Amino acid sequence: MLAVESEVKLVGHIGSIWKDDLTSLGAMWVEPAYRRAGVGRRLLDAILAWADEAHPTSAVRLGVFPTQEAAMRLYRERGFVATGKVFPLEHAPSVLWQEMLRRSARSSPEDPPVGQPDRGET
Ligand SMILES: CC(C)(COP(=O)(O)OP(=O)(O)OC[C@H]1O[C@@H](n2cnc3c(N)ncnc32)[C@H](O)[C@@H]1OP(=O)(O)O)[C@@H](O)C(=O)NCCC(=O)NCCS
């Protein structure tokens, strides 16, 4: 888990676990008053740098809700693509989240794509 504090206030966090040769990200959040100031990008870049160094052959996976457009935009910017797979939320199965993946740091451009073209890309 990485976190950023400002004047002893926690203003953002992101978490990661590594299992079965896959790095999974979650719990990315920035306090509303501190958004659009680069905190989310710093958190994501820091944890991706750690993942690339610690597990360079592992792809990075995360889940996002379709309404989280700001997050999706940031993830796409950092190389994540939607795989086309959606999953029900455990405690509210009518709510679906979608999977996004980023290639491992050691992948090559000739490797098969990890996802599908993202129609929402801007
Ligand atoms: C997603 C979130 C973490 C982004 O944090 P942030 O500190 O505001 O992000 P940054 O300032 O680093 O912005 C990075 C990029 O994200 C995208 N972005 C951030 N906020 C956005 C918004 N309101 N609308 C559109 N794009 C946005 C932009 O591409 C932005 O780059 P730019 O400022 O150069 O245009 C924050 O909005 C948040 O906590 N949202 C609620 C929780 C959430 O959705 N978590 C993700 C779970 S998967």
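Trainee: Where is the place of aspartate 20?

Mentor: Aspartate 20 sits in the loop between S2 and S3. Keep in mind that we are looking at a predicted model.

Trainee: Why does aspartate 21 count as exposed?

Mentor: The cut-off for exposed is 12 or fewer neighbours. Aspartate 21 has 10 C-beta neighbours inside 10 Å, and therefore counts as exposed. Aspartate 21 is also in the loop between S2 and S3.

Trainee: What makes S2 and S3 paired strands?

Mentor: Two strands pair if DSSP finds at least two bridges between them. Seven bridges join strand S2 (residues 9-19) to strand S3 (residues 22-30), and the two run antiparallel. So S2 and S3 pass the test of at least two bridges. Serine 16 stands opposite leucine 25 in S3.

Trainee: How do you know that S1 and S2 pair?

Mentor: By that rule of at least two bridges. S1 and S2 are joined by five bridges and run antiparallel. Leucine 2 stands opposite isoleucine 14 in S2.

Trainee: What order do the six strands have in the sheet?

Mentor: The order is S1-S2-S3-S4-S6-S5, in an open sheet with mixed pairing.

Trainee: Why are S1 and S5 called edge strands?

Mentor: Strand S1 (2-6) and strand S5 (81-89) each pair on one side only, and these are the edge strands. From one strand to the next, the twist averages 25°.

Trainee: Which strands does helix H1 lie across?

Mentor: Helix H1 (residues 39-54) lies across S1, S2, S3 and strand S4 (59-64), and runs at about 30° to S2. Helix H2 (residues 69-77) packs on the sheet too, touching S3, S4 and strand S6 (92-102). The direction of H2 makes about 165° with that of S4.

Trainee: What pattern does the protein follow along the sequence?

Mentor: The pattern is β-β-β-α-β-α-β-β, built from two helices and six strands.

Trainee: Why is alanine 27 called exposed?

Mentor: Alanine 27 has 11 C-beta neighbours inside 10 Å, so it counts as exposed under the limit of 12 or fewer. Alanine 27 lies in strand S3, and has a positive phi of about 60° although it is not a glycine.

Trainee: What makes arginine 36 exposed?

Mentor: Again the limit is 12 or fewer, and arginine 36 has 9 C-beta neighbours inside 10 Å, so it counts as exposed. Arginine 36 is found in the loop between S3 and H1. Its C-alpha and that of alanine 70, 34 residues apart along the chain, are separated by 9.6 Å.

Trainee: Which residues come nearest to the ligand?

Mentor: Arg35, Gly40, Arg41, Ala70 and Leu74 come nearest, of the 18 residues around the ligand. S3, H1 and H2 each supply at least two residues of this shell. H2 gives the most, with six residues.

Trainee: How do you know that the radius of gyration agrees with a compact globule?

Mentor: For 122 residues, a compact globule would have a radius of gyration near 14 Å, and the protein has 15 Å, which agrees. The C-alpha atoms fill a box of roughly 45 × 35 × 30 Å along the principal axes. Of the 122 residues, 20% count as buried.

Definitions and conventions: Residues are numbered from 1 along each chain as its sequence is written. This is a predicted model: local features need pLDDT of at least 70, side-chain atom pairs count only at pLDDT 80 or more; totals for chains, interfaces and linings use all residues. Helices (H or I, at least four residues) and strands (E, at least two) are DSSP runs, numbered from the N terminus. Axes are lines fitted to C-alpha atoms, for helices over the stretch in contact, and angles run from 0 to 180 degrees between N-to-C directions. Two residues are in contact if their C-beta atoms, placed from the backbone, lie within 7 Å. A residue is near a molecule or strand if its C-beta atom, placed from the backbone, lies within 6 Å of it. The radius of gyration is taken over C-alpha atoms; the globule rule is 2.2 Å times the number of residues to the power 0.38.
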